Amino acid sequence: MREIMYVQAINEALVEEMRRDEKVFVVGESVQGGSFGATSGLVQQFGPDRVLDTPICETGLAGVGLGASMAGYRPVVDFMFADFMYVAGDEVFLKAAQWHFLHGGRVNLPVVFMGAVGGGMMLANEHSQIPSAPVLHSPGIKLAVPSTPYDAKGLLKTAIRDNNPVCFFWHKMLLGLTGDVPEDDYTVPFGVAEVKREGSDVTVVANSLMVHYALQAAQQLEGKISVEVIDPRTLEPLDFETILKSVKKTGRVVIADEDTERCGFAGELGFQIMEKAFDSLDAPVRRVCAANYPIAGGYIEQHILPNAQKIIAAIEAVMD
């Protein structure tokens, strides 16, 4: 099987879905130029009518995606940075997420809201966040967070074909990551987690970039602590059954998520584990998340964001 980069996998998914369905189009800021490379070359293949550059107006481009999806198109709205989604909060979290329910299921909204997430590049607070919490707090919208090129392509294709609104968050620190990706058409189903590494002592649930930090931690602890690493791949829908099965086996849990610790996905998942698997736990659930602090640029970033060493410390703490 061939190896390609994470960003190439995203680009391939867009190309293949635009060829497959003429209702698919891309709209966003600098999509014709190819921000981060995810949309590079699309305008040359499909023209400016299907690859639309917009002004710096997030409410406008989100509104285009919202209205076009109601009319039967399948828009991919590229915010460039997912942080900019906050500007279009009404369109994304209130209108797109809830329109299907509020109109008795008569209207589908097959729209994908796509953007780069995460820190690590010293781009400061408005270009380094992971706004998964407001997405998960908005019933009716799905959230995919791929950690590998294979998942990036497969999940994006699933998102584009879905009749519901989907947020597709890709981590900018994974852009150059290479991995096996089939040339044949394939999709990755939503709500199906992957056990990235089997273990018996502690379960680490990690997503996006944190999956790789968790695997690094597991490798460093090999021979001392047996670590099972689970990648949910989508946070909504969430494959809780795979997580629960692992928790019952290991009895200890660490959740690694780059969003802020307060009111984030890790807190929600930890509480669900407590509710549904309390008797299986041999230690309190630990979280490894970003500090409750703006992600300032420069040297301070390393003190705010989670990393492999912080995951190791949490694993050792639950083992004690």
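Here is our chat about aromatic rings, charges and salt bridges.

Mentor: Quick ground rules: this is a predicted model, where local features need pLDDT of at least 70, side-chain atom pairs count only at pLDDT 80 or more, and totals for chains, interfaces and linings use all residues. Residues are numbered from 1 along each chain as its sequence is written, and side-chain values use heavy atoms, with hydrogens and water left out.

Trainee: Are the rings of Phe-36 and Phe-81 stacked or edge-to-face?

Mentor: Rings of Phe, Tyr and Trp (its six-membered ring) pair if their centres lie within 6.5 Å; planes under 30 degrees apart are stacked, over 60 edge-to-face, and the rest tilted. Here the centres are 5.3 Å apart and the planes sit at 80°, so the pair of Phe-36 and Phe-81 is edge-to-face.

Trainee: Is Phe-81 buried or exposed?

Mentor: Buried means under 20% relative accessible area, exposed over 50%, and partly exposed in between (1.4 Å probe, protein chains only). Phe-36 comes out partly exposed at 28%. Phe-81 has a relative accessible area of 10%, so Phe-81 is buried.

Trainee: Which residues form one aromatic cluster?

Mentor: The structure holds six aromatic pairs. The cluster is made up of Phe-36, Phe-81, Phe-84 and Trp-170.

Trainee: Which ring does Lys-23 lie over?

Mentor: A charge sits over a ring if NZ of Lys or CZ of Arg is within 6 Å of the ring centre and within 35 degrees of the ring normal. Lys-23 is 4.5 Å from the ring centre, over the face of Tyr-73.

Trainee: How many residues apart in sequence are the parts that Glu-12 and Lys-153 tie together?

Mentor: These two form a salt bridge, with the closest N and O atoms 2.8 Å apart; the term needs a side-chain nitrogen of Lys or Arg within 4 Å of a carboxyl oxygen of Asp or Glu. Helices (H or I, at least four residues) and strands (E, at least two) are DSSP runs, numbered from the N terminus. Glu-12 lies in helix α1 and Lys-153 in helix α6, so the parts tied together are apart in sequence by 141 residues.

Trainee: How many salt bridges does a search of the whole structure find?

Mentor: Some share partners, and one network joins residues including Glu-12, Lys-153, Lys-157 and Asp-185. Over the whole structure, the search finds 17.
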